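Open the structure in your viewer and keep the selection tool at hand. This tour has two stops.

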Amino acid sequence: MKSHIEAIIIFSKTGEKRMIPLQEGVNIITGDSKTGKSALIEIIDYCLCSTNCTIPKGKITDFSELYALIMKINTNSYIIARYNWNSGGKMFFIKEKENFDFRTLKREYFEKKIKISPKEAQNEIENALGLSVTNVNEDDIHQTKKASLRNMVSYLFQHQNLMASKFALFYRFSDFYKRKDVIEQFPIFAGIIGQEYYSTLIKLNSLKSKLKQNEKKQKNNQNLNNHIKEKLQPLLINYFALLNRSLEENLSIEEMLKVASNLPKYDDNILGEAKVVSHYNNLRLKLEELREKERNILLEIENINSTKKNGVNFSKILEELEYQTKITESKNKSYSCPLCGSNCNEINEENEKISKASKWLDTELKLAKKYTFDFSEDIRKLEENHKELEREIKVVYKELKNVEKKFLSSDELKTKMDKVNYAKANIEIFVELNEVGIFENIDEEIEILKADIRDLEEKIRSFHVYEQKEKAELFLSKNMNRLAQTLDFENEYKPINLNFDLVNENFDLYHTKENNEKIYLSEMGSGANWVSCHIALFLSFLHYFSKQPNSPIPLIMFFDQPSQVYFPQNTIEKNTVSETDLVAVNKIYKTIFDEIKLIGEETKNLPQIIIVDHVDGEGLKNQDEFKKYIRCNWRNGKALI
């Protein structure tokens with residue numbers, strides 16, 4: 001996409017007009033300090049729908065009522081104008097005919113035009129640029145957040161306080177959320193992805209969220225199934241037992257519910273309650289088995305605790321023995337009689353025994369300490385098993401007592417018919433309480449969701465975002481290092497090896513030494529290195545965006561005072577510029593001029609660079625070329641206002 005600013009125009013309330021004509025390629029506005037050069041970047045930013053007005057207050061804001069940019073986007077001409085902040089900041093966005101002559105533009109032109117809000121103007125500018133990604137909010141499907149023109153400007157502007165900064169690279173990156181959005185939206189600005197990618201990603205995340213909910217529901221259903229089986233099965237067993245029948249074993253939940261909904265009827269001809277008694281006895285046996293298991297677990301826990309206690313006591317005994325052994329241990333290896341000088345073999349043998357005993361104690365003590373506290377996890381697992389057994393015992397005991405009370409020795413349910421009706425009523429009540437939407441089978445839906453997610457993930461991979469970002473990172477690094485060869489870097493950073501971290505979304509610039517040590521911009525010394533890094537990086541961004549056929553970003557770069565490290569204003573005024581500084585500044589401008597030409601030759605798309613600076617080209621080797629690009633020279637009383 002071709003795009004550049006044809007002119008910056010300022011109108012006063014009385015209709016006076018100040019105009020800065022611009023062209024594709026290089027544009028230089030030079031002049032003395034306080035002539036309004038740096039205000040141009042703020043005027044452009046203001047006309048590009050900034051939420052604040054940072055145009056310096058004073059002569060410019062006192063004079064100005066309306067600011068306007070004449071912009072060419074492909075073959076179309078657009079007028080983007082905005083009233084000053086005190087007048088409300090309303091805007092105009094007007095598409096003009098292709099051969100519109102901005103030099104004829106007057107204040108009266110706007111009187112019959114429709115004023116719009118900055119937000120509306122921003123939408124119009126984004127549409128003209130082809131920035132059509134309307135929702136990048138991949139995490140919250142209920143809220144939208146669009147790719148923004150306001151995030152593009154961080155790639156377009158290098159303010160005076162940025163050009164030679166070691167602490168910041170990008171415009172307005174001090175705002176955390178602004179920085180995050182600018183970085184995340186790089187693939188959009190590069191033309192790598194569009195709304196289709198984000199719509200696919202939003203749909204993918206929505207399906208993942210739904211899958212998570214369904215899997216949770218599936219788990220809840222499983223827990224509920226276990227609960228139903230635990231509660232309904234005994235009710236059915238009791239009912240069938242009263243009918244002198246057996247319930248089929250290993251029924252699924254669905255089969256149990258089907259049986260519960262179609263219970264066999266009571267037959268008066270069936271006599272006896274043998275099945276009920278048999279069921280009661282089975283429950284008693286099961287209860288006894290569970291209690292036996294509980295006793296064994298409690299005994300095992302007690303044994304482990306006892307062993308642990310014995311181990312601790314044993315360790316304490318060993319520690320005490322070790323202490324006593326060390327006290328009594330002799331420091332001498334052998335003893336001799338003080339009178340005759342002969343060796344005292346008995347004492348030496350006892351000493352050797354004590355020494356061996358001391359070493360044994362050391363070993364035993366280390367082993368004891370190592371194994372004394374290794375039973376905690378065993379105890380925890382046994383206690384968990386005990387809790388589960390306690391729960392099972394309560395369930396079986398409750399069912400046992402229920403059978404005993406209601407079916408074997410009930411004072412209320414005298415006849416067998418009463419007992420059958422009671423059992424049947426319990427089943428019907430249970431089924432009625434649990435049948436509303438609980439048993440919905442979502443297994444098939446989960447499998448469909450998983451298949452859809454796999455398809456969408458494959459589609460996301462087909463955009464190759466990561467690979468494209470890797471290519472962009474590689475291009476930026478190679479291009480920076482090519483440009484760095486013609487810029488002014490200190491010898492300690494040569495051979496220069498600049499890298500820009502794009503893939504990991506850090507957006508950090510660093511130099512890699514031969515030993516692979518990384519030196520970040522903030523760790524580099526000298527303003528010459530800082531300004532060279534900024535120029536190399538942002539010319540490389542301009543080159544990269546120019547090569548991208550689907551990039552919506554305006555091919556505009558604004559450098560504010562790139563020579564300030566070498567040519568402070570008072571140095572120029574006093575004519576005390578050194579030859580070394582002249583050579584360094586000449587390198588800056590030659591690098592810029594050559595890179596813009598190269599981009600135009602490679603892409604057939606000449607980008608626009610706007611430079612405001614104190615220097616006027618005098619004394620530079622390429623002063624003729626420099627002066628060819630001067631659009632305004634504000635000296636000898638000349639100024640923006």
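## Stop one: the largest cavity

Start by selecting Tyr-155, Leu-156, Phe-538, Phe-541, Leu-542, Phe-545, Ile-553, Pro-554, Leu-555, Ile-556 and Met-557, which line the largest cavity. Keep in mind that this is a predicted model. The cavity has a volume of about 50 Å³. How many cavities of 30 Å³ or more are there? The count comes to one.

Now color the selection by class. The lining has 11 nonpolar residues, with no polar and no charged ones.

Next, show helix H16 (527-547) and strand E11 (556-560). These are the elements that give two or more residues to the lining of the largest cavity. Which of the elements gives the most? H16 does, with four residues.

## Stop two: a pair of helices

Clear the view. Two packed helices are described by the angle between their axes and the distance between the axes.

The crossing of H15 past H18 is right-handed.

Show the side chains where the helices touch. On H15, pick Asn-479, Arg-482 and Leu-483. On H18, pick Thr-591, Glu-595 and Leu-598. These residues make the contact.

Definitions and conventions:
Residues numbered from 1 in each chain as written. Predicted model: local features only at pLDDT ≥ 70, side-chain atom pairs only at ≥ 80, totals over all residues. Heavy atoms only, no water. Left-handed = near helix turned anticlockwise from the far one by under 90°. Contact = heavy atoms within 4.5 Å. 1 Å grid on protein atoms, 1.4 Å probe; cavity = no way out; pocket = protein on both sides within 12 Å on 5 of 7 lines; lining within 4 Å. Points joined across faces, edges and corners; volume = space filled by probe spheres on them. Nonpolar A, V, L, I, M, F, W, Y, C, P; charged D, E, K, R; others polar.
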